Every structure is written in structure tokens, then in C-alpha cells.
Amino acid sequence: MAVIENAKITVVGAGAVGAATAYASLIRGAARHVALYDINAAKVEAEALDLAHGSLFTGSSQIHGSADIAVTEGSHVVVVTAGAAQQPGQTRLELVGTNARIFRTMIPQLVEASPDAVFIIVSNPCDVLTVLAQEQTGLPPERIFASGTVLDTSRLRWKLAQLAGVAPSSIHAHIVGEHGDTEFPLWSSASVGPVPLLDWRPDDRDPFTREELDDVAHEVRTAAYKVIEGKGATNYAIGLSATRIAEAVLRDERAVLPVSTVLDDFHGLSDVALSVPSIVGSSGALPIRETHFSESELGLLHASAETIKATAAQVREG
């Protein structure tokens, strides 16, 4: 499929994350049409109006907001941010009961309105919700996936770039696994430009140590908690991340991004959604099966999978 002309993105949920995603989609010119949908009519209409007032500065993109699901019809990409927000001290997995109930009603309606769309799940816990939504809708796994660790990877590259003294785009590293407390970096393949990370020698300092990298991984893993504690929500960076994924779909970029799809015999893992490097284009997201994991990293990936499977099982039983 070629680049989609006159494309439409729908953002579901007009809260902090949804509004930031709609804003990012407009200012980046990600799509010709941006729709914002929320059951709170006053909120969604106000957010859309506020964004529309800046249309002079966003090029040709248009924004429409409504509490009527008809506003989502004919979307090429649907970004789902609706649901209960993570509170200070709360893990993403603790949101699962509330958001799973919301998804049971909402996702089939969205699929009916845009049966050919690619669906990107941002609501947390995004991995568990992706498993449940894919089971419920029967959509091909490549067409309904989570934003996963795309933001976490951005956080990792930003931090490593500061320490290495290079631009974030020159850091090649991924966070994989659960978008949550069991995520981890793929240190075995990380590099600064063409140089393996542990061989890099920044100016006026020694090479990175394992202890230092462990500290970086911890900082990345807990970054959302720090932001939520200070301002109540993470929104700008995740809005940009979700928009970046949507752009890769709409422009058929075949970009490598660590999104979370329901896996099928990926290094021995099936029927669980985890973030792994994937090719993202107009048909959706396809995990890169040739991704290398060290023995310890593969153990961490399987442990992360068990966390997601256990949580999904609890929801099904409940």
C-alpha cells in the first residue's frame, strides 16, 4: 500500500494524553483530518475548538471533536487513549480492570466505524489491553497494537545521548518487553553510531560501566512515575510518540519502532503482547524475528511475558 492521501487520524479520549496527541498530529501535519472523540461532549468539543483556533498555524490539517462516535468513521489510524489515568504511586497494571471494561464496549464500536483502520492502543496497561482487544475483535495482530516502549526508548536515547555527548538520533538502542516495570534495554545490541555502547569513550571520561547503565535503565523505567508525581500526568512525550507511530503507518515508512503486538512464536513466545523492534508501515506492525537477544535478555523477555499473561488471565477470569 502506498502513502495514504487525504488521511484521517482519530484520537479516542480527550484527556491530557488524547489532547496532546491531537495537538502533535496537527502541528506535525501527520494527517489531513484529525478527529477527537470522547463521551464527555463539553470536554471534547472545547478541546477541538481550542485546537481549531490555531488552524492558521497548522497548515492544511483540520480538527473535529464530538461525543458522537460517527466522528471516527472512515479513519485510517485510530489512536486509543481513553480510560482511567495512572495516579501517583500507581502501576500501569493496576489500571487494568477499569480500562478493560471500557474497552469491551468501545473497541468493537470503533472497529465497526473504521473497519480498515490500524489501531494503536495507548491506554494503560497497553500490552494487556492489546491482547484483550485483539482477541475480542479478531483483527490481524499487525493491525491492532500498542504504542508500547516507543516512548521508553526515546527516554533511553535521550539519557544516553546526554552521557555520550551526541545527538539522540545517533544512539541506537531499544527498550523492550512490557511497557511497565519489567521492561529492559537491549544492551547487547546498543551502540553510539557504529560503536558498541560499552566501547564508547566520551570526552574526558571513562567508558560506560554496567552499573552506570543499570542506573540509566532504572531511571528510564521509573521516569513516568516522576513526571506523574510532579504534574499529575505524562502527556506531551506520549502524544508525540503516538503521532510518530501513526505517521509511520500513514506514510508507509517501514520504520523500525518497538511497538507491542500480539506475538506468534517470537523467540518461543505466543499469544502475548510485548514490545519488540517491529517494522511499522501501512499494513501495521510486524515484529522483526531476527532481533538478537543475549541469553539473559531472552530470560527477561520471557519474564516480562509472564507478567502480561498473568494479568490478562485475571481480567478474563474476572
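# Close-up views of the predicted model

View 1. Within strand 10, V192 is the bridge partner of I171. The model is a predicted one, in which local features need pLDDT of at least 70, side-chain atom pairs count only at pLDDT 80 or more, and totals for chains, interfaces and linings use all residues. Residues are numbered from 1 along each chain as its sequence is written, and side-chain values use heavy atoms, with hydrogens and water left out. Strands (E, at least two residues) and helices (H or I, at least four) are DSSP runs, numbered from the N terminus; two strands pair if DSSP finds at least two bridges between them. Two bridges connect strand 7 with strand 10 (residues 191-192) in the antiparallel sense.

**View 2. Helix 2 and its surroundings.** Helix 2 comprises twelve residues, 41-52, and its first and last C-alpha atoms are 16 Å apart, close to the 16 Å expected at 1.5 Å a residue. The expected span of a helix is 1.5 Å times one less than its number of residues. V44, E47, A48 and L51 are its buried residues (buried means under 20% relative accessible area, exposed over 50% and partly exposed in between, with a 1.4 Å probe and protein chains only). Viewed down the axis of helix 2, these buried residues lie within an arc of 95°, so they line one face of the helix; the arc is that of the directions from the helix axis to the C-beta atoms. An α-helix has 3.6 residues a turn, so residues three or four places apart point the same way. A42 and D50, on the other side of helix 2, are exposed. The buried residues pack against helix 1 (16-27), strand 2 (33-37) and strand 3 (62-66), where contact means heavy atoms within 4.5 Å. At the N-terminal end, N40 caps helix 2 through a side-chain oxygen that lies 3.4 Å from the backbone nitrogen of A42. A polar contact is a pair of N or O atoms within 3.5 Å; within protein, one must be able to donate a hydrogen and the other to accept it, and residues adjacent in sequence count only if both atoms are side-chain atoms.

**View 3. S66 in strand 3.** S66 is buried, with a relative accessible area of 17%. A polar atom of its side chain lies 2.9 Å from the backbone nitrogen of D68. Apart from neighbours within four places in sequence, S66 is in contact with L36, Y37, D38, V44 and V71. Of these, V44 is one of the buried residues of helix 2.

**View 4. Helix 4, largely enclosed by the rest of the structure.** Nine of the twelve residues of helix 4 are buried: C126, D127, V128, L129, T130, V131, L132, A133 and Q134. Their cover includes helix 3 (96-113), strand 5 (118-121), strand 6 (144-146), strand 13 (260-262), strand 14 (273-275) and helix 9 (295-317). The end C-alpha atoms of helix 4 (residues 126-137) are 16 Å apart, which agrees with the 16 Å its twelve residues should span at 1.5 Å a residue. Just after helix 4, G138 adopts a positive phi of about 75°.

**View 5. The one aromatic pair of the structure.** The ring centres of F266 and F293 are 6.1 Å apart and the ring planes stand at 85°, so the pair is edge-to-face. Rings of Phe, Tyr and Trp (its six-membered ring) pair if their centres lie within 6.5 Å; planes under 30 degrees apart count as stacked, over 60 as edge-to-face and the rest as tilted. The pair links distant parts of the chain, 27 residues apart: F266 belongs to the loop between strand 13 and strand 14, and F293 to the loop between strand 16 (284-287) and helix 9. F266 is buried, with a relative accessible area of 1%, and F293 is buried as well, with a value of 8%.

**View 6. Strand 15 and its antiparallel partners, strand 12 and strand 16.** Strand 12 (residues 255-257) is joined to strand 15 (residues 278-281) by three bridges, and S278 is the bridge partner of L257. Four bridges join strand 15 to strand 16, with I279 opposite L286. A hairpin of two residues connects strand 15 to strand 16.
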